[in-house]
Every structure is written in structure tokens, then in C-alpha cells.
Amino acid sequence: MTSESNAKAYWSATLGLLTKILVIWFLVSYGAGILFADMLNGIKLGGYPLGFWFAQQGSIYVFIVLIFYYAWAMGKLDRKFGVSED
């Protein structure tokens, strides 16, 4: 692999990861909290409707998990393409 093709592959993998994470973030924060809230409100979680729970707390929990997943996945990508700072 040449340096340029390695850089393009690394950038492509990074953009793919970011796209997946942003789609999950959008679906959870905007989708579950706003768009699908009425459908989700039929399900209770801790005594609260699920749509309300996602809008108030669930999206925050998912966002925190996404941050840690992103850090882990980027570390794995960095090591795979030989650009890690370790």
C-alpha cells in the first residue's frame, strides 16, 4: 500500500465511523425523543413513558456511550493504519 492510498483508506474508514455514530445519535436524540415519541410513550421505563425518557435522559446516556465507543474505535483504526500515538 502506498502512503497516499493508505491515507485515503484511513480517511474513508474514519468518515464511515463518523457517519454511523452520527446516524445513531440522530435516531436516538431526535428520532426517539421527538419524531417517534408518541409511539414510544406506550412503553414505560421506570414508570415514565419511553419517549419522554429518551428525550430527557436516554439520549444523554447513549451520547456518553457513543463518545467512549468513538474513542475506542478510533484507537483501533489508528493502530490498524499505523498512525497511533502510543
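# A guided tour of the predicted model

Begin by selecting Trp53, Phe54 and Tyr61, which ring pairs join into a cluster. The model on display is a predicted one. In total, the structure holds six aromatic pairs.

**Tyrosine 10 and phenylalanine 81**

Select next the rings of tyrosine 10 and phenylalanine 81. Their centres lie 5.6 Å apart with the planes at 70°, so this pair is edge-to-face, the planes being over 60 degrees apart. Is phenylalanine 81 buried or exposed? Phenylalanine 81 has a relative accessible area of 12% and is therefore buried, because the limit for that class is under 20%. Display its surroundings as well: leaving aside residues up to four places away in sequence, phenylalanine 81 touches Asn6, Ala9, Tyr10 and Ala13.

**Tyrosine 69 and tryptophan 72**

Remain in helix α3 and select tyrosine 69 together with tryptophan 72, which are three residues apart in this helix and so separated by about one helical turn. An α-helix has 3.6 residues a turn, so residues three or four places apart point the same way. The ring centres of tyrosine 69 and tryptophan 72 are 5.8 Å apart and the planes stand at 40°, so the pair is classed as tilted. Tyrosine 69 is partly exposed, its relative accessible area being 40%. Tryptophan 72, at 49% relative accessibility, also counts as partly exposed.

**Helix α1**

Now select residues 3–35, which form helix α1. How does the span of this helix agree with its number of residues? At 1.5 Å a residue, the 33 residues should span 48 Å, and the end C-alpha atoms are 44 Å apart, which agrees. Centre the view on leucine 27, where α1 bends by about 25°. Then colour the buried residues of α1, namely Thr14, Leu17, Ile21, Val28, Gly31, Ala32 and Gly33. The buried residues of this helix pack against α2 (37–40) and α3.

**The nonpolar cores**

Which residues make up the largest nonpolar core? Select Leu17, Ile21, Leu66, Ala73, Met74, Leu77 and Phe81, seven residues in all. The elements that give two or more residues to this core are α1 and α3. Helix α3 gives the most, with five residues. Apart from this core lies another, of five residues, including Val28, Ala32, Leu40 and Phe54.

**Alanine 73**

Within the largest core, focus on alanine 73. Alanine 73 is placed in helix α3, which comprises residues 50–81. With a relative accessible area of 9%, alanine 73 is buried.

**The annotated segments**

Finish with the segments taken from the record. In an unreviewed entry, the UniProt annotation "transmembrane region" covers residues 21–40 and 52–72. Select residues 21–40: the chain here is 95% helix and 0% strand, and the end C-alpha atoms are 22 Å apart. Then select residues 52–72, where the chain is 100% helix and 0% strand, with the end C-alpha atoms 30 Å apart.

Terms used. Residues are numbered from 1 along each chain as its sequence is written. This is a predicted model: local features need pLDDT of at least 70, side-chain atom pairs count only at pLDDT 80 or more; totals for chains, interfaces and linings use all residues. Side-chain values use heavy atoms; hydrogens and water are left out. Helices (H or I, at least four residues) and strands (E, at least two) are DSSP runs, numbered from the N terminus. Buried means under 20% relative accessible area, exposed over 50%, partly exposed in between (1.4 Å probe, protein chains only). UniProt positions are given in the numbering used here, feature names are shortened, and annotations may be inferred rather than shown by experiment. The expected span of a helix is 1.5 Å times one less than its number of residues. The bend at a residue is the angle between axes fitted to the seven residues ending there and the seven starting there. Contact means heavy atoms within 4.5 Å. Rings of Phe, Tyr and Trp (its six-membered ring) pair if their centres lie within 6.5 Å; planes under 30 degrees apart count as stacked, over 60 as edge-to-face and the rest as tilted. A nonpolar core is a set of buried Ala, Val, Leu, Ile, Met, Phe, Trp, Tyr and Cys residues joined through side-chain atoms within 4.5 Å.
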